[in-house]
Amino acid sequence: MENQIIYNSESVFDGPLKVNSCGIQHLSLKDYDTLRKNGRVDYTFLYIQKGRGSYEVNGETFSLEQGDLLIYPPKTRQHFSFKQIDDTTSFWSHFSGEYCDMLGLKLGGEPAKIHFENSSHFESTFKRMITACYLKATHWKIACEGYQMVLLSIVANELASNAEKSYRLNNKGLETVLTQMYFNLHLPIDIDHYAKLCNVSRDRFAHIFKEKIGMPPYRYQLKLRIERAIDLLQNTDISVSECARVVGFENVSYFCRIFKKVTGNSPSYYKK
């Protein structure tokens, strides 16, 4: 019992909020690996107070560092592990109730990780809840539920803040990307550069771009090139070969082939 404090068992509560169990784990005696294939029927908070670990989702492994909170919704597969050498200390709680909907609406049935840059308030509240459970003073269950409610409100605000920040960064970045793509349509597309503008990974950028614009970045650049080519062919005396060069095609034959594939007509059609 020195490394783990437990009360109650796994259950679903149809009232406002109930803490089924909570505690502290000092993971320094051996390597630990926890796998719950079907998860639990309640919510799980796993907070890294010291050390590090990892967790797995759909075959992909992610790191857990000091200040990270891992959240599992009900009935979600749980797989996390810790190495003895990292001397990790974690706080955990399992809880259920109507107030958990504020989390459920934002997690979408998937595990979520939050990193607290300033974790002092969250950590101290978590400690108070575990202490209240351990001491079992008068009204200790109410105290535990109150502390868990505070933790829920902190997490809900953090999730909302992260979502808003991500939306703002992604959309502001995308505006810059679209502008640069328009003015640099004659240049090879630089996905890594555009991903940095949106403060996301290369794969995440491609996903966001397609979600927001409706097509992949390469296809969108091609669309811009063809639209610009049509405008030049219709409204200037530019030759087909010069038009191809201006919109980023060094090979005229390739330009004509792609142009006809996209528009259904040859470039010379727009010169008439």
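1. Contacts of I226. Beyond its neighbours within four places in sequence, I226 is in contact with F259, V262 and T263; contact means heavy atoms within 4.5 Å. I226 is found in helix α6, residues 217–235. Helices (H or I, at least four residues) and strands (E, at least two) are DSSP runs, numbered from the N terminus. I226 is buried, at a relative accessible area of 4%. Buried means under 20% relative accessible area, exposed over 50%, and partly exposed in between (1.4 Å probe, protein chains only).

2. Basis of the model. This is a predicted model, in which local features need pLDDT of at least 70 and side-chain atom pairs count only at pLDDT 80 or more, while totals for chains, interfaces and linings use all residues. Residues are numbered from 1 along each chain as its sequence is written, and side-chain values use heavy atoms, with hydrogens and water left out.

3. The largest core. The largest nonpolar core has 29 residues. Such a core is a set of buried Ala, Val, Leu, Ile, Met, Phe, Trp, Tyr and Cys residues joined through side-chain atoms within 4.5 Å. M181, F205, F255 and F259 have the most contacts inside the largest one. Two or more residues each come from α3 (140–183), α4 (191–197), α5 (202–213), α6, α7 (240–246) and α8 (252–263). Helix α6 gives the largest share, 7 residues. In soluble globular proteins, nonpolar side chains tend to be buried together.

4. F259. Leaving aside neighbours within four places in sequence, F259 is in contact with I226, A229, I230, L233, G264, N265, S266, P267 and Y270.

5. The second core. A separate core of 27 residues includes C100, I130, A132 and W140.

6. Q221. This residue also lies in helix α6. Q221 is buried, with a relative accessible area of 8%. Outside the four places on either side in sequence, Q221 is in contact with M181, N184, L185, L187, P188 and I189.

7. Salt bridges, R52 and E65. The whole structure holds 11 salt bridges. A salt bridge is a side-chain nitrogen of Lys or Arg within 4 Å of a carboxyl oxygen of Asp or Glu. R52 forms one with E65, the closest N and O atoms being 3.5 Å apart. R52 lies in strand β4 (residues 52–57) and E65 in strand β5 (residues 60–65), so the pair ties together parts 13 residues apart in sequence. R52 is partly exposed at 41% relative accessibility. E65 is partly exposed at 32%. A network of salt bridges links R52, E65 and D86.

8. E56 and R77. Their side chains meet in a salt bridge, 2.5 Å from N to O. This pair links distant parts of the chain, 21 residues apart: E56 is in strand β4, and R77 is in the loop between β6 (68–72) and β7 (78–82). E56 is buried, with a relative accessible area of 13%. R77 is partly exposed, at 36%.

9. R228 and D231. This salt bridge spans 3.1 Å, N to O. Both residues lie in helix α6, 3 residues apart, about one turn of the helix. R228 is partly exposed, with a relative accessible area of 35%. D231 is partly exposed, at 35% relative accessibility. Side chains of opposite charge can pair when their charged atoms come close.
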